[in-house]
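Biologist: I have not seen this structure before. Could you show it, and then take some questions about it?

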Amino acid sequence: MLNELLKHTFRWILLVLLQLTIFNNIQFLGILNPFVYLFVILMFPLGMPRGALMLLAFATGLTIDVFSNTGGLHAAACTFIAFVRPYWVKITIPRSNYDELQNIRIKDIEFGQFLTYASVLVFTHHLFLYITESLEWSETLLILGKTFTNGLITTAIVIAFRYFDFNQSRSS
Amino acid sequence: MSTIIKFLYKLRLVFLFLLLETAAVVLTVSNSAYHQAAFFNSSNRVSGGFYQQIAEVRYFLKLRSVNDSLANENAQLREQLSAVLSDSSKSDWQIADSTVRTASYTYKSARVINNTTSFRNNFLTLSKGASDGIKPRMAVIGQHGVVGIVKDVSPNFSTVISLLNKNARISAKHLKSATTGTVVWEGGNYRMARLIEIPVHVDLKKGDSIVTSPYSNIFPENVFIGKIVKVNKPEGSSTYDITIRLGTDYRRLSFVQVVENSLQTERDSLESRLNYAE
């Protein structure tokens, strides 16, 4: 248990640092900016109480906000995906896959399930973020374009991260 | 009564959700309001110090190109200096007179330690702050022209609203015809911006220079902003829709000059008596 907690803490610190030092600085063509820190929120345990999940997601988003001068944009988007995540988990990951204690870990999920689970939450987060950032109808195309390109790249990186993550005791 | 409480208890997660979203919205709004001394931005000590560390590394890696650009600038300045010194037609009284009558600007150089270009509203963080004499509403210009306007200062850092920001509207002038307009940025490409409010009777060409206008109380006049790349004349409109290529490449910015206008407060307070919104 303590071991799990340490892993989550370490992953959190590492990804937030990666986001702030590397991924916020890519800015290719003024558009590209994948938000890979979402991996942390995706990897929070499935059985986590929903309130705690939202609070942690909010804190994660706020940390990114403080360092990138965006007020509360990331906090809002992260809270939103934390709010919808449990519903989405119920749909994408069949009940029979996890036991009553719900102590399944994300890394025990199959690739296909993880892809659907992660990509939809990533795209939702990006769309929410870019809409609240702009709030202009006239920028609809730009918003959709940014959501699409960054969503694709973030999803790809998140999938890759899943294989670099602590992977002792992989059961599959 | 107990059913109501049960019902509300069931909805507790929704309430928590709404509470957190409200907090986020409040933070966003208070951050974007011009001038509000927001605590949660990169001029606060922790994040400022953090970016200083990253900037140290990045600065070291860029030393060669920084050196080149400084050397170039040096050469340019020396050229201008020799032109001024050899101009014997200027006598002492002219110089003395001009310092009394026009706004006088002092320049402070500062290092850019954080900088974004991919958001809708972009900011920069500089390595100098209040203790170096930086104040809000000072102009920030780079080697290739306008960069932005100082927003907040802490003792050792300051944040700058980049021209790549919804809140930055810079009064500009078409250099050849001296017609004034406004430069705005509408997101997307960080090298391009739009120039609006130039009436259609003005003769414009691709490649014409756009500089800061004499109306600005922040920027000195004739600081380069960009060059025209596309001129559109919308049907039935009395103004052009112009795309300009910005002189400043925000991705390569490492040194900037912060400009203080010593007559800014005087003019601001005089103009505020006119009682119109800026």
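Modeller: The model is a predicted one.

Biologist: Is A:H8 buried, partly exposed or exposed?

Modeller: A:H8 has 17 C-beta neighbours inside 10 Å. A residue needs 20 or more to be buried and 12 or fewer to be exposed. The count for A:H8 lies in between, so A:H8 is partly exposed.

Biologist: How far apart in space are A:H8 and A:I41?

Modeller: In sequence, 33 residues separate A:H8 and A:I41. In space, taken from C-alpha to C-alpha, the distance between A:H8 and A:I41 is 10.0 Å.

Biologist: How many helices and strands are in chain B, and what share of its residues is buried?

Modeller: Chain B holds six helices and twelve strands. Of the 278 residues in chain B, the buried share is 31%.

Biologist: Which residue is the bridge partner of B:T106 in β12(B)?

Modeller: Strand β1 (residues 105-115) of chain B pairs with strand β12 (residues 255-261) of chain B. The two are antiparallel, with seven bridges. In β12(B), B:T106 is partnered by B:E260.

Biologist: And which residue in β2(B) is the bridge partner of B:N114?

Modeller: β1(B) also runs antiparallel to strand β2 (residues 123-126) of chain B, joined by three bridges. In β2(B), the partner of B:N114 is B:T125.

Biologist: Among contacts in chain B between residues at least 6 apart in sequence, what percentage join residues at least 24 apart?

Modeller: The contacts counted are those in chain B between residues at least 6 apart in sequence. The part joining residues at least 24 apart is 59%.

Methods: Residues numbered from 1 in each chain as written. Chains lettered and ligands numbered in written order. Predicted model: local features only at pLDDT ≥ 70, side-chain atom pairs only at ≥ 80, totals over all residues. Pairing = 2+ DSSP bridges. Helix = DSSP H or I, 4+ residues; strand = E, 2+ residues; numbered from the N terminus. Contact = placed C-beta atoms within 7 Å.
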